[in-house]
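Q: Could you walk me through reading a protein–DNA model? I'd like the general idea each time, then the case at hand.

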Number of protein chains: 2
Amino acid sequence: MPIRLKDLAMKTGYSISTISRALLGYKDVSSETRQKIKEAAKKHDYYPYQSARQLRAGKTYVVGFLIPTYGMRFSDPFFIELLTGIGDGAAAENYDVLVGTSPEGGSEIEAYKRIVAGGRVDGVIITRTKKSDKRVEYLLKAHIPFVLLGRTSDKPDVAFIDIDSKSGIRLLTEHLIKIGHRKIGFITSPDGLVFTQYRNEGYREALKNSGINYNPAFIKAGDLTQETGKILGLELLKQQNRPTAIVAANDLTALGIYSAANQLGLKIGSDISICGYDGIALAENAHPSLTTIQVPIYEIGRQLFDMLYKIMNNRPLKQRQILLPPQPVIRNSVGPPQKKEKQG
Amino acid sequence: MPIRLKDLAMKTGYSISTISRALLGYKDVSSETRQKIKEAAKKHDYYPYQSARQLRAGKTYVVGFLIPTYGMRFSDPFFIELLTGIGDGAAAENYDVLVGTSPEGGSEIEAYKRIVAGGRVDGVIITRTKKSDKRVEYLLKAHIPFVLLGRTSDKPDVAFIDIDSKSGIRLLTEHLIKIGHRKIGFITSPDGLVFTQYRNEGYREALKNSGINYNPAFIKAGDLTQETGKILGLELLKQQNRPTAIVAANDLTALGIYSAANQLGLKIGSDISICGYDGIALAENAHPSLTTIQVPIYEIGRQLFDMLYKIMNNRPLKQRQILLPPQPVIRNSVGPPQKKEKQG
DNA sequence: TGTTTAACCGAAAACGTTTTTGTAATATTA
DNA sequence: TAATATTACAAAAACGTTTTCGGTTAAACA
């Protein structure tokens with residue numbers, strides 16, 4: 001049975017209120033008694049009972065984070081890196097992280113309601129923003145602090161961190177063009193997501209700037225999983241006039257294309273060039289190492305919490321909207337196209 | 001501002017207590033009024049305020065899960081699969097999951113104390129059990145329900161799910177021996193972890209049964225990360241008399257060995273055979289596909305929550321200790337040793 | 001010395017829910 | 001009809017904390 005203020009009161013001889021105020025650092029308790037009380041608290045392993053503290057003070061010291069799981073075999077390492085960043089940031093301020101899995105159906109918003117309207121969290125971190133995001137609408141209406149990983153199109157004032165993924169994909173595509181590629185495939189992400197639009201634009205822009213025609217046969221819409229990456233990679237690469245390079249919407253998809261290329265006996269980096277996006281740990285250690293946009297996932301997680309923390313506690317926030325420049329990392333998965341396949 | 005019982009009382013004309021009891025399904029409220037109250041609750045999006053409910057009823061409807069992060073770049077997909085399993089199981093029973101990151105230092109136990117003694121959770125799920133686990137000791141003393149993923153050596157009665165990883169590693173090693181390998185390396189896990197012991201035993205047993213000498217030069221102690229897998233893989237494979245096959249303590253380590261092998265120009269599956277353990281999604285799609293022990297991670301997550309749920313709510317539990325048989329999946333990363341290197 | 005001020009501490013209210021207890025009205029039984 | 005049981009609701013206590021308010025003692029001042 002954990003110890004409570006009442007027990008400390010019994011043991012020290014002070015009143016409950018004095019003990020509470022001593023521990024919270026109020027000034028109207030003598031440093032001498034504060035010392036004694038703190039020692040007693042430490043000695044008896046006192047930790048304030050959260051629900052009581054919450055009920056009285058109206059704060060939970062918990063932030064919510066819902067993992068966007070589509071289907072059950074969900075294992076994007078991106079999210080565990082992000083989550084550890086968020087978790088470490090939270091721990092540094094004595095906050096906790098409430099994690100939920102948002103079911104695939106339309107009941108996603110229901111999961112948010114339970115957490116928010118149930119008063120379980122002081123703030124929320126949202127990822128994989130959608131074009132007009134129901135979650136954002138709800139959180140605005142509920143007046144609860146939140147930050148986004150990724151922009152939204154329709155709400156201009158919300159706090160977010162995002163990578164300029166339009167430039168990111170453009171840079172990768174331009175690099176491919178520069179080293180001689182003309183037939184560049186693209187496996188994109190689901191249509192509803194905001195970053196899908198930016199990444200598509202980056203791809204098209206690079207082609208356009210170099211006067212390369214947009215070929216719909218080279219575009220496939222994926223779902224950010226490795227399995228789908230493989231399937232769509234096979235579709236792209238089995239074509240008669242196949243692309244010599246493929247840009248993928250994320251690293252996991254790119255690794256799926258690795259499988260496809262290997263299955264078809266294509267040497268990655270020469271027969272076929274492949275680019276990813278995210279810079280998960282696996283990208284660096286893949287064989288060959290994967291060219292990608294290096295996203296500082298862990299740091300973004302920490303920073304997301306920091307922003308949220310400041311919003312929740314009405315601290316001044318230097319920047320409400322942070323757009324990070326993309327950091328391309330050219331590795332061995334790309335190389336100039338094979339001679340016999342090269343063509344304008 | 002979310003709606004509360006008081007507001008519903010105002011709107012419906014019933015008392016707070018009647019409304020509470022109607023919503024909770026008590027029988028001393030007429031079905032007619034219950035109907036009206038439920039409609040009003042739904043209409044106004046009522047969700048009970050958790051901290052008040054907790055304070056009164058003494059239950060949080062939250063389970064705790066601390067991710068064992070060693071160092072910052074932590075990205076084992078194993079844990080995101082496990083977490084989604086736990087999360088989905090919890091969601092099905094209207095529970096939430098509080099996730100913390102346990103810092104690397106000795107303050108790990110501190111993170112547990114804050115969560116447990118602070119009354120933030122009704123139960124805890126623990127992974128990567130250690131030989132004499134401080135966390136287990138603490139949780140037993142605190143009388144809070146918990147379940148383990150992995151056994152402990154010293155406490156016989158605790159609830160757990162585990163894979164028989166001794167048999168698992170033994171089966172993999174035996175398979176390697178069966179197809180002709182005699183020089184089999186082993187990259188194991190940190191010494192403190194319980195499963196390290198079992199896996200080591202499995203390896204040694206397989207060697208012993210086949211009369212193969214235990215060669216300390218073929219054994220390296222890793223930390224379950226890909227980076228270390230690569231480093232130790234290089235150490236093993238650069239030796240004069242290198243092993244023809246390597247068994248790794250987990251898939252991530254095995255994928256690290258992939259990097260090492262590729263760097264040295266060794267063809268995986270013929271020049272060098274590699275086995276992993278866990279069966280993460282990436283193992284199947286690696287090139288070549290990774291031979292491993294397929295662990296049903298997601299299902300284990302769900303089952304862990306189910307066990308914990310029953311313990312927390314005093315429901316009968318069929319089995320308090322579940323030891324799952326290992327499921328080897330032989331894929332293309334192993335093959336018979338090259339002729340010129342084969343030797344007894 | 002008498003009065004004001006500061007320092008220190010305790011009493012008690014409040015947060016929103018669940019649950020025990022109480023009570024009026026109605027139904028059942030003798 | 002009178003006594004009793006049942007039904008349907010309301011009142012109020014309780015959970016443990018924070019915080020407002022007030023009071024007592026001692027120090028400072030006139």
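Q: Which element gives the largest share of the surface near DNA strand C?

A: Some ground rules come before the reply. This is a predicted model, where local features need pLDDT of at least 70 and side-chain atom pairs count only at pLDDT 80 or more, while totals for chains, interfaces and linings use all residues. Residues are numbered from 1 along each chain as its sequence is written, chains are lettered from A and ligands numbered from 1 in the order written, and side-chain values use heavy atoms, leaving out hydrogens and water.

A residue is near a strand if one of its heavy atoms lies within 4 Å of it. Helices (H or I, at least four residues) and strands (E, at least two) are DSSP runs, numbered from the N terminus. Here α2(B) gives the largest share, five residues.

Q: Which residues come nearest to DNA strand C?

A: Out of 25 residues around it, those are Ser15(A), Thr18(A), Ser20(B), Arg21(B) and Tyr26(B).

Q: What is the area buried between chain B and chain A?

A: The size of an interface is often given as the accessible area lost when the parts come together. Buried area is that loss (1.4 Å probe), summed over both parts. For chain B and chain A the figure is about 5600 Å², with carbon and sulfur atoms giving 52%. In terms of contact (heavy atoms within 4.5 Å), 61 residues of chain B meet 61 residues of chain A.

Q: How many salt bridges does the rule find across the interface of chain B and chain A?

A: The rule wants a side-chain nitrogen of Lys or Arg within 4 Å of a carboxyl oxygen of Asp or Glu. It finds six here, including Lys113(A) with Asp45(B), whose closest N and O atoms are 2.9 Å apart.

Q: Which way do strand β2 of chain A and strand β2 of chain B run?

A: Strands pair if DSSP finds at least two bridges between them. These two run antiparallel, joined by three bridges, and Val99(A) has Val97(B) as its bridge partner.

Conventions
Buried area is the accessible area (1.4 Å probe) that two parts lose on being put together, summed over both.
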